[in-house]
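Trainee: I have a predicted model to go through. Can we check its labels one by one?

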Amino acid sequence: MNIEDLKKNFEKRANEDNAIQMAKYLRNQFVFYGLKSPARRDAYHQILKDEKKQIDWDLLDQAWNDKHREMQYFVCDYLLAMEKYVSYDDLFKIEHYVRTKQWWDTIDSLMKLYGYVGLKDQRVDQLMLDWSKDPDKWVRRVAIEHQLLRKDRINTALLSQILENNLESDEFFINKAIGWALRDYSKTNPEWLSDFIDGNYNHLAKLSITEGSKYLKINDL
């Protein structure tokens with residue numbers, strides 16, 4: 001299927017009322033067809049089902065360049081469906097998607113690809129450490145979140161350094177991400193979380209502490 005077929009699939013499912021509400025939810029930064037997740041994924045279900053082992057980067061670039069936000073969601077879903085074929089070198093192609101048309105919705109999908117490849121290729125560790133000091137807050141958010149859901153496979157030394165590189169931030173989306181990273185790992189290693197918060201208490205945002213300690217008892221801190 002080409003980009004024109006994909007557009008037609010979206011257009012015939014478009015909902016103007018939904019489009020207005022969805023744009024408003026993302027602060028009117030993006031234009032929408034108005035497709036909620038089930039309808040959107042139905043529009044390209046067959047594409048993903050028929051896709052082979054080769055990632056169609058031309059299709060993805062065309063979709064990403066489209067003004068409709070559902071097209072960016074398609075790119076994210078496509079790559080996640082094809083994640084086992086994503087290589088370390090591909091991450092530099094995906095970086096374009098990370099650094100453009102940015103908001104939490106695409107960032108929190110794309111970061112999963114860096115986490116997945118990072119479990120297979122240790123070069124991602126240094127890349128994420130570099131990204132944790134990037135001037136772009138969304139790039140830093142990828143670094144902070146990319147190890148989510150790893151449980152006992154998490155690289156705690158890397159997590160600590162990435163978080164420490166972002167302490168004393170006044171960015172909401174950074175402090176929220178720090179809190180999520182802490183909370184996620186607290187389910188696997190609550191003692192580590194207690195030690196990290198105790199050692200960095202004066203440098204962590206209140207939001208990060210609140211989010212990070214959600215699953216801990218008060219007297220655990």
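Trainee: Why is D77 called buried?
Mentor: Its relative accessibility is 14%. The cut-off for buried is under 20%, so D77 counts as buried.

Trainee: What makes R40 and D77 a salt bridge?
Mentor: Their closest N and O atoms are 3.1 Å apart. The limit is within 4 Å, so the pair qualifies. R40 sits in helix α3 and D77 in helix α6, 37 residues apart.

Trainee: Is R40 buried or exposed?
Mentor: Buried. R40 has a relative accessible area of 6%, and the label needs under 20%.

Trainee: Why is D42 called partly exposed?
Mentor: Its relative accessible area is 47%. R13 lies in the loop between α1 and α2.

Trainee: How do you know that D66 and K7 form a salt bridge?
Mentor: The N to O distance is 3.9 Å, and the limit is within 4 Å. D66 is buried at 11% relative accessibility. K7 is partly exposed at 23%.

Trainee: Which residues join D66 in one network?
Mentor: E4 and K7, through salt bridges that share partners.

Trainee: Why has D125 no salt bridge?
Mentor: The nearest side chain of opposite charge, R150, is 5.0 Å away. A salt bridge needs a distance within 4 Å, so D125 has none, yet D125 is buried. D125 lies in helix α9. Leaving aside neighbours within four places in sequence, D125 is in contact with N155 and L158.

Technical notes. Residues are numbered from 1 along each chain as its sequence is written. This is a predicted model: local features need pLDDT of at least 70, side-chain atom pairs count only at pLDDT 80 or more; totals for chains, interfaces and linings use all residues. Side-chain values use heavy atoms; hydrogens and water are left out. Helices (H or I, at least four residues) and strands (E, at least two) are DSSP runs, numbered from the N terminus. Buried means under 20% relative accessible area, exposed over 50%, partly exposed in between (1.4 Å probe, protein chains only). Lys and Arg count as positive and Asp and Glu as negative; His and the chain ends are not counted. Contact means heavy atoms within 4.5 Å.
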